[in-house]
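Please view the sequence and the model first.

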Amino acid sequence: MQKVIAKGVSLGMYIITANGGGKANGMTACWATQVSFSPLLMMVSIGPDKYTNELIKKSGYFAINVLSEGQTNEARHFGFQSGRTVDKMKDYAYTNAPQGSPILEIAMAYCECKLKDVFPAGDHELFVGEVVNAKLLKDITPLPFVWGEYF
Ligand SMILES: Cc1cc2nc3c(=O)[nH]c(=O)nc-3n(C[C@H](O)[C@H](O)[C@H](O)COP(=O)(O)O)c2cc1C
């Protein structure tokens, strides 16, 4: 069943960032999508063991940084190590969005969200946030998630 879903359901690639208690971090995610027009709500599914999960709950905000074509090394950098043990932001320039969420210079677009709800969903948690800031930084092609390229 998982193989059918992996082939048939299109996903993008994002770095979810948060700044909790003065600690900035980012993690790769492909399970992110818009879920409402009004209010404008985004959803990201994050495992409970992820450091980013903890930081978003601390800060009450998160940013979705959109990756573009070719940025697979960046996806690996933020997706195969944890901010608990490595400073993943060290070599990546970023600024802070108005509510403090890190915006990576490598992102083609971002939206900063105010956390509204966290719902349990199997072995993950769904973070639903209202978009409070958003910007298209480079009008280029986003990076699609392709199964087999990472796992
Ligand atoms: C291509 C790719 C997609 C991923 N998508 C997700 C996702 O949607 N949700 C999630 O919880 N983890 C996802 N991960 C795993 C996290 O990025 C990874 O566990 C990361 O090390 C967590 O970092 P943190 O502990 O600093 O938050 C993905 C990893 C990769 C490589």
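**The ligand shell and the sheet**

By class, 10 nonpolar, 10 polar and two charged residues make up the shell around the ligand.

Q: What makes a residue of this shell nonpolar, polar or charged?
A: Ala, Val, Leu, Ile, Met, Phe, Trp, Tyr, Cys and Pro count as nonpolar, Asp, Glu, Lys and Arg as charged, and the others, Gly among them, as polar. The model is predicted: local features need pLDDT of at least 70, side-chain atom pairs count only at pLDDT 80 or more, and totals for chains, interfaces and linings use all residues. Numbering starts from 1 along each chain as its sequence is written.

Q: Which residues come nearest to the ligand?
A: Trp31, Thr52, Gly79, Ser82 and Gly83 come nearest, out of 22 residues around the ligand. A residue is near a molecule if its C-beta atom, placed from the backbone, lies within 6 Å of it.

Q: Which element supplies the largest share of the shell around the ligand?
A: Strand S2 does, with four residues. Strands (E, at least two residues) and helices (H or I, at least four) are DSSP runs, numbered from the N terminus.

Q: Why are S1 and S5 called paired?
A: Two strands pair if DSSP finds at least two bridges between them. Four bridges join S1 (residues 14-20) to S5 (residues 61-66), so the two strands meet the definition. Thr17 has Ala63 in S5 as its bridge partner.

Q: What is the order of the strands in the open sheet?
A: The seven strands follow the order S2-S1-S5-S8-S9-S4-S3, with antiparallel pairing. Strands S2 (23-29) and S3 (32-36) are the edge strands, as each pairs on one side only.
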